[in-house]
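Have a look at it first.

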Amino acid sequence: MSDPRTEELRESLALTRARIDAACAAAGRDPADVTLIVVTKTWPVDDVRRLAGLGVRDVGENRDQEARVKAAETSELDLTWHFIGQLQTNKAASVARYADLVHSVDRLRLVEALDQGARKSDRILDCLVEVSLDPPGAQGRGGVAADDAAVVASAIADADHLRLRGVMGVAPVGGDAAAAFARLAEVLSALRRDHAGLDVMSAGMSEDLEQAVAAGATHLRVGSAVLGTRPPLG
Ligand SMILES: *Cc1c(COP(=O)(O)O)cnc(C)c1O
């Protein structure tokens, strides 16, 4: 596809990759160790196709209904699907069918539901523990308290059809992203004492990807910097 939207995406993708390269250079890191996940939520499946044509391999979505349809409609593209949103247990089996990495595992009931879903789909599903980086008492956002991350991590590691890969975090709104991501990195290194092979730290969005790279993030979840300001949800 080559149309004005493709050219717009080509440009914003190049700018985003340049930001990542600069952040890696500043942190003495190899850009090859940082995966850009383009968050396509609310954008049409044609944008997913355009992005794939521009070399994007990893896409992120936060709602099952939308993600499921997009994944099915682009199955020939061999994309890696990241599920990054708060997940209800009754959607877990659906997500377990198409997701390659679930970033937002934050409670034991969800571990159980994803494990059952992955078993039914005869898959091993990669999972991250979502750790809350909000001040204590913040309401309505996903994530397990840092002190309880080990319990959720062990449940994932013990589940027959799940594989624990690491941690995910979202910086607090209006808060200190660098400090929040440093805490997330600490949670990951603590989990590494009990679990071998943890290789994913998912952190950083359009506004704070530089701080995430500095703190050691391996996966960045970038939406609006690539796709533009999201259309209002209908
Ligand atoms: C929407 C979303 C993103 C992307 O946010 P942008 O600010 O558009 O880059 C990243 N992570 C999560 C969990 C999201 O829901």
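## An exposed aspartate and a threonine

Aspartate 78 counts as exposed, at 64% relative accessibility; the cut-offs here are over 50% relative accessible area for exposed, under 20% for buried and partly exposed in between, using a 1.4 Å probe and protein chains only. This is a predicted model, where local features need pLDDT of at least 70 and side-chain atom pairs need 80 or more, while totals for chains, interfaces and linings use all residues. Numbering runs from 1 along each chain as its sequence is written, and side-chain values use heavy atoms, leaving out hydrogens and water.

Aspartate 78 sits in the loop between α3 (64–73) and β3 (80–83), and its phi is near 60°, positive in a residue other than glycine. Helices (H or I, at least four residues) and strands (E, at least two) are DSSP runs numbered from the N terminus. Threonine 42 also isn't a glycine and has a positive phi of about 75°. You'll find threonine 42 in the loop between β1 and α2 (45–53), partly exposed with a relative accessible area of 23%. For context, most residues other than glycine have a negative phi.

## Strands β1 and β8

Strand β1 (residues 35–39) pairs with β8 in the parallel sense over four bridges; DSSP has to find at least two bridges for strands to count as paired. Leucine 36 stands opposite leucine 220 in β8.

Strand β8 covers residues 219–222, with His219 and Arg221 pointing one way and Leu220 and Val222 the other, and all of them are buried.

## The largest pocket

The largest pocket has a volume of about 640 Å³. Of the 30 residues that line that pocket, Lys41, Arg141, Val170, Met205 and Arg221 are the closest to its centre. On a 1 Å grid over the protein atoms alone, a pocket is an open set of points where a 1.4 Å probe fits, with protein on both sides within 12 Å along at least five of seven lines, and lining residues have an atom within 4 Å of a point. Volume is the space filled by probe spheres set on the points, which are joined across faces, edges and corners.

## Around the ligand

Which residues surround the ligand? They are Val39, Lys41, Ile84, Met168, Met205, Ser206, Arg221, Val222, Gly223, Ser224 and Arg230, going by heavy atoms within 4 Å.

Oxygen atoms of the ligand lie 2.7 Å from a polar side-chain atom of lysine 41 and 2.5 Å from one of serine 206. Glycine 223 uses its backbone instead, with an N or O atom 2.8 Å from a ligand oxygen.

Methods
A polar contact is a pair of N or O atoms within 3.5 Å; within protein, one must be able to donate a hydrogen and the other to accept it, and residues adjacent in sequence count only if both atoms are side-chain atoms.
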